Amino acid sequence: VLQALGVPVFDSGLGEAESFNLAGVEREARSRSRRSKRGGGRKPVYLEPLKTTVVRPMAEAILDERSLRAHFVCDLPCCRDAGFEGLVTRRREHFLRTRHHEVETLAATVQAAPALALEQMHEQLRSARELATRVARVVGARNGIQPPDFSHLDRWLNVIARVEAPAALPS
């Protein structure tokens, strides 16, 4: 959102749900097989169409719903040949590739047409909010799972609306 608003450089750090351990990815497979298999149920999965990171059980519930699956197709190398199966196990690579692609695409748009970048981000957030409403209704009702809090989408949309409002007023 900040990039779409023309703030080219900022530091937000990685949140707990977006942390990444590169050393863990680079370790030999042999050392991984020795580790205990406990505690993997709450690991986060980034779902780009929702602009949200959700816990593994929620991601699995969303991807198991036939009426929702098509919204989460990923055509990046992390998922292109693998489909939906195993997305939660590829979650780290998926997160890095997806976020990199999002930032790269938005940066190119900002470079070419700054006003279009804001409009593009607004549309993506609006679509994410509509999909979030549907996810909450479908997944929560069918699986008895408490859906995630998608209020961040409304906050981001409000930021964009405040920036767009002065431009909409006649001079």
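The following legends describe close-up views of a predicted model.

**Figure 1. Overall arrangement of the chain.** The chain contains 7 helices and 2 strands, arranged along the sequence in the pattern α-α-β-β-α-α-α-α-α. Of its 171 residues, 29% count as buried. The chain exposes about 11,100 Å², of which carbon and sulfur atoms supply 53%. Among contacts with a separation of 6 or more, 60% are accounted for by residues 24 or more positions apart.

**Figure 2. The largest nonpolar core.** This core comprises 32 residues. Within it, the residues with the most contacts are Leu47, Leu50, Ile62, Leu68, Phe72, Val135 and Val139. Two or more core residues are given by each of strand E1 (44–47), helix H3 (56–64), helix H6 (114–143) and helix H7 (151–168). Helix H6 provides the largest share, with 10 residues.

**Figure 3. Surroundings of Ile62.** Neighbours within four places in sequence are left aside in this view. The residues in contact with Ile62 are then Leu47, Leu50, Leu68, Phe72, Val135 and Val139. Each of these partners also belongs to the group with the most contacts inside the largest nonpolar core, as does Ile62.

Figure 4. Helix H5 has 22 residues and spans 31 Å from its first C-alpha to its last, close to the 32 Å expected at 1.5 Å a residue. Its buried residues are Arg91, His94, Phe95, Thr98, Glu102, Leu106 and Thr109. Viewed down the helix axis, the buried residues of H5 fall within an arc of 100 degrees, and therefore line one face of the helix. The face turned away from this buried side carries the exposed residues His100, Gln111 and Ala112.

Figure 5. His94 lies in helix H5 (residues 91–112). With a relative accessible area of 4%, His94 falls under the 20% cut-off and is therefore classed as buried. The side chain of His94 reaches the backbone oxygen of Tyr46 at 3.1 Å. Not counting residues up to four places away in sequence, His94 touches Tyr46, Cys74, Cys78, Cys79 and Leu87.

**Figure 6. Gln146 in the loop between H6 and H7.** Gln146 is located in the loop that lies between these two helices. The relative accessible area of Gln146 is 67%, so this residue is classed as exposed. Gln146 and Ala136 are separated by 10 residues in sequence, and their C-alpha atoms are 8.0 Å apart in space.

Conventions
Residues numbered from 1 in each chain as written. Predicted model: local features only at pLDDT ≥ 70, side-chain atom pairs only at ≥ 80, totals over all residues. Heavy atoms only, no water. Core = buried A, V, L, I, M, F, W, Y, C linked by side-chain atoms within 4.5 Å. Buried < 20%, exposed > 50% of the residue type's maximum accessible area, 1.4 Å probe, protein only. Helix = DSSP H or I, 4+ residues; strand = E, 2+ residues; numbered from the N terminus. Contact = heavy atoms within 4.5 Å. Polar contact = N/O pair within 3.5 Å; in protein donor to acceptor, adjacent residues only side chain to side chain. Expected span 1.5 Å × (residues − 1). Arc of directions from axis to C-beta. Areas by Shrake-Rupley, 256 points an atom, 1.4 Å probe, with all protein chains shown as cover.
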